Structure formats: C-alpha cells, structure tokens
Amino acid sequence: MTQFTIAVLPGDGIGPEVTAEAERVLRAAADRFGIGLALPHYPVGAGAVTAAGSPLPADTRAAVIKADAVLLGAVGDPALDSAPRELKPETGLLALRSLLGVYANLRPVSIHPALAGHSPLRPDRLHGVDLLIVRELTGGLYYGEPRGKNAVVAVNTLRYSVAEIERVARVGFESARRRRRMLTSVDKANVLEVSQLWRETVTRVGREFPDVRLEHLYVDYAAMRLVAEPAALDVVLTENMFGDILSDEAAVLVGSLGMLPSASLGAGPGLFEPIHGSAPGIAGQGIANPIGAIASVAMLLRYGLKLAEPADAVEAAIRAVLDAGGRTKDIAGPGEPALGTQEMGERIAKVVRSTPLARSRSPRRGEGVRG
Ligand code: IPM
Ligand code: MN
C-alpha cells in the first residue's frame with residue numbers, strides 16, 4: 001500500500017473544526033480506496049505564536065517540506081491585528097506559501113444547482129457558472145520589497161518578473177486546455193507597468209497555446225463581469241492581490257465563502273486550504289461549513305497525490321449530500337433545518353465510504369497534470 005504523509009495544519013478560529021471534518025472525509029476515502037495515510041498535526045498561525053512564539057515554527061517548516069501534501073484550515077486572530085508583522089498569523093501563511101514555492105493558486109467556482117437560489121444574484125445569471133481562478137500566490141504586493149511603515153508614510157511594492165508571470169501563465173493555459181479553452185487574464189495595464197509586463201508575457205506564453213482563446217480585461221471591468229456575466233468566464237488568470245479580491249467576490253456566486261476550496265501548487269508539496277478565513281465570530285460553535293475544507297481534500301487527492309478516483313468520490317459525495325438537502329447554517333434557506341459542522345462531515349464521509357469501486361482494486365493514478 002502506498003503510504004502518504006499529509007501535514008495537517010488546523011490553525012485558528014474555525015480552522016480546527018472544519019479541518020477535523022476534512023480529515024474525517026480523507027480517512028474515509030483512504031479506507032475505501034486502500035490508500036495508506038499518516039496525518040501528523042503541526043501548529044500554524046495565532047495558536048503557533050502562543051505555543052512556539054512564531055506563526056510558522058521551525059518544526060512546522062521542517063515537516064511541511066518533506067510531506068506529500070499540506071492540508072491547512074485557516075489562520076487569523078483579531079487579537080493579533082496590531083501585532084508586529086513577524087507575529088501576525090497571516091505572516092505565517094505567507095511564509096508557508098513562500099517556503100513551499102506554491103506560486104499557482106487554483107480556486108474553482110461552480111454552483112450546485114440546489115444552491116442557486118441562495119446567492120444574492122438572480123438564478124438565471126448563475127446558470128452554467130463553472131470557472132477557475134488561477135491566482136499568482138508567491139509574488140506581487142504581498143511580498144514586494146521595499147516595504148514598511150512609519151507614522152507618516154507606508155510603502156508596499158508591486159513587482160513581478162517575466163519568469164514569475166510565465167510559470168503561472170502556463171498553469172492557467174494548461175488548465176484552460178482541460179476545460180473550455182478560454183483564458184481571461186486580468187490586469188491594470190492602463191495604469192501599471194507591472195500589468196503591462198504581465199499582459200505582454202501572458203500574450204507571448206499564449207502563442208504556445210493557440211487552441212486557447214485569450215482575452216485581457218482590466219481588473220475593474222473584470223470585477224463587474226464576474227457578477228454580471230459569470231457563466232461566460234472559464235479560466236481567470238491574475239496576480240496575487242487581484243486574485244485575492246476576485247475570489248472573495250466569486251464566492252458570492254456560490255452563496256457562501258464556506259463552500260470554496262483551493263489548491264496551491266508549485267514544484268514541491270502542494271498546499272490545500274478552503275478560501276475562507278478563521279471566522280472568529282462563529283469559532284467553537286460547531287456551525288461552520290466544512291465543505292470548502294472537504295472539497296480541498298478532493299483537490300489534495302487529485303493534484304497533491306495524483307489520485308483521481310478518490311478525488312471524484314469526495315466531490316460526488318459533497319454533491320449527493322447537497323442533493324439530499326444537507327445544509328449548514330450559511331447555506332440553509334429560511335426555515336430550513338441546519339446541520340452542524342460535524343454532522344455535515346459525517347454525512348459526506350458516509351457517502352464516500354459507500355462509493356462503488358471501479359474495476360481496478362488499486363487507486364487509479366491521475367494524469368500527472370498540474371492545475
Ligand atoms: C486568502 C486569505 C489570505 C490572503 C490572508 C489570510 C493572508 O485572504 O487565502 O485568500 O490574502 O491570501
Ligand atoms: Mn482572501
């Protein structure tokens with residue numbers, strides 16, 4: 001039996017609650033498909049600052065780089081909002097992304113038909129929405145130097161090299177090739193030199209993918225298109241900060257930030273996390289939606305371990321539980337009964353455990369694709 005080690009970093013707020021359910025479903029898939037798993041836990045974020053004086057302690061760093069994949073819950077604690085940068089939970093997450101070199105962040109957004117009525121947008125606008133945001137994750141404003149702040153002025157730097165743009169653009173085009181063959185690159189090339197270089201580079205990489213239709217949009221217009229005509233978008237390729245903003249906006253389409261997973265890929269182990277934050281306001285109540293975390297497990301299986309069949313099974317189980325009316329509080333309609341975090345996880349795990357197996361006994365290997 002192949003043995004995989006997944007470093008689990010539950011983090012802060014609702015992170016541990018949703019991660020417990022993600023692990024439950026991961027174990028169910030491992031049992032069902034005969035995958036050997038070790039799931040050691042490590043601290044990250046605010047909890048790690050308290051326990052080890054750093055939001056990404058040395059032990060965690062050492063463990064993640066030798067793991068087969070990393071599963072993360074969420075980081076963030078309002079109590080540390082004004083802490084020095086090296087003690088902020090978010091700094092731990094950014095350091096983790098940088099350490100793993102996960103430059104391509106994949107955020108798929110598709111709408112379960114039963115939830116279309118739950119979005120504030122008209123259901124007819126949502127019909128056929130199936131898009132993938134490919135967000136550059138290890139460069140741009142989040143990391144640019146110089147940076148700093150004093151009492152009268154503060155500086156951050158938006159910097160991208162051709163090499164950084166090329167590698168994430170390739171992930172975008174390769175993803176488009178496996179989807180509807182359209183790529184929308186988002187920038188602000190009417191104002192920013194960095195965006196001009198982005199646009200030129202994406203256009204050049206695009207020549208290697210003549211079968212993919214490329215369009216360029218300014219970010220302000222892209223923000224509008226994302227809610228005005230979301231079904232027309234396939235792959236949306238963009239830099240770090242624009243991708244952060246557009247992916248929260250895209251969550252409105254699905255009706256809840258709690259639904260969306262992500263995969264962050266580079267040359268080494270991938271990082272898999274729901275796109276939501278630590279949601280301190282509802283932490284500890286057992287009401288958070290674990291579906292974003294569980295769908296991240298599907299991405300971990302598919303992209304991190306290259307196991308397509310168990311990944312499909314987890315995604316199918318999420319759909320089946322939603323079809324059967326399973327709802328956490330954030331996606332329950334008025335008067336609809338809501339499941340707790342754990343009940344939702346248990347229902348999905350149960351469906352995974354009863355997935356019919358394909359003819360082959362051993363898990364089918366994925367196609368070795370990235371993105
Ligand atoms: C996300 C989050 C993070 C980001 C924060 C917590 C640093 O919002 O993953 O989208 O901005 O990248
Ligand atoms: Mn974000």
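**Close-up 1. Arg 97 meets ligand 1 through a polar side-chain atom that lies 2.7 Å from an oxygen atom of the ligand.** Welcome to a predicted model, viewed here around its ligand. For Tyr 142, an N or O atom of the side chain is 2.6 Å from an oxygen atom of ligand 1. Around the ligand you will find Glu 90, Leu 93, Arg 97, Arg 107, Arg 135, Tyr 142 and Asp 244.

**Close-up 2. Helices H3 and H4 pack at an angle of about 40 degrees.** H3 covers residues 58-66 and H4 covers residues 89-100, and their axes are 10 Å apart. That angle makes H3 oblique to H4. The crossing of H3 past H4 is right-handed.

**Close-up 3. Helices H1 and H12 cross at roughly 10 degrees.** Here H1 (residues 15-33) and H12 (residues 341-353) bring their axes within 9 Å. H1 is therefore roughly parallel to H12, since the angle is under 35 degrees. From H1, the contact takes in Glu 17, Val 18, Glu 21, Arg 24, Val 25, Arg 27, Ala 28, Ala 29, Asp 31 and Arg 32. H12 contributes Thr 341, Gln 342, Gly 345, Glu 346, Ile 348, Ala 349, Val 352 and Arg 353. The residues where H1 meets H12 divide into eight charged, seven nonpolar and three polar.

**Close-up 4. A cis peptide bond links Glu 145 to Pro 146.** Omega for this bond is near 0 degrees, a detail to keep in view as you follow the backbone. Pro 146 sits in the loop that runs between strand S5 (130-136) and strand S6 (148-149).

**Close-up 5. Ala 279 has a positive phi.** The value is near 40 degrees, and the residue is not a glycine. To find Ala 279, trace the loop between strand S12 (270-272) and helix H10 (291-304).

Note on methods
Residues are numbered from 1 along each chain as its sequence is written. Chains are lettered from A and ligands numbered from 1 in the order in which they are written. This is a predicted model: local features need pLDDT of at least 70, side-chain atom pairs count only at pLDDT 80 or more; totals for chains, interfaces and linings use all residues. Side-chain values use heavy atoms; hydrogens and water are left out. Axes are lines fitted to C-alpha atoms, for helices over the stretch in contact, and angles run from 0 to 180 degrees between N-to-C directions. Helices (H or I, at least four residues) and strands (E, at least two) are DSSP runs, numbered from the N terminus. Angles under 35 degrees count as roughly parallel, over 145 as roughly antiparallel, 65 to 115 as roughly perpendicular and the rest as oblique. Contact means heavy atoms within 4.5 Å. Ala, Val, Leu, Ile, Met, Phe, Trp, Tyr, Cys and Pro count as nonpolar, Asp, Glu, Lys and Arg as charged, and the others, Gly among them, as polar. A crossing is left-handed if the near helix is turned anticlockwise from the far one by less than a right angle, and right-handed if clockwise. A residue is near a molecule or strand if one of its heavy atoms lies within 4 Å of it. A polar contact is a pair of N or O atoms within 3.5 Å; within protein, one must be able to donate a hydrogen and the other to accept it, and residues adjacent in sequence count only if both atoms are side-chain atoms.
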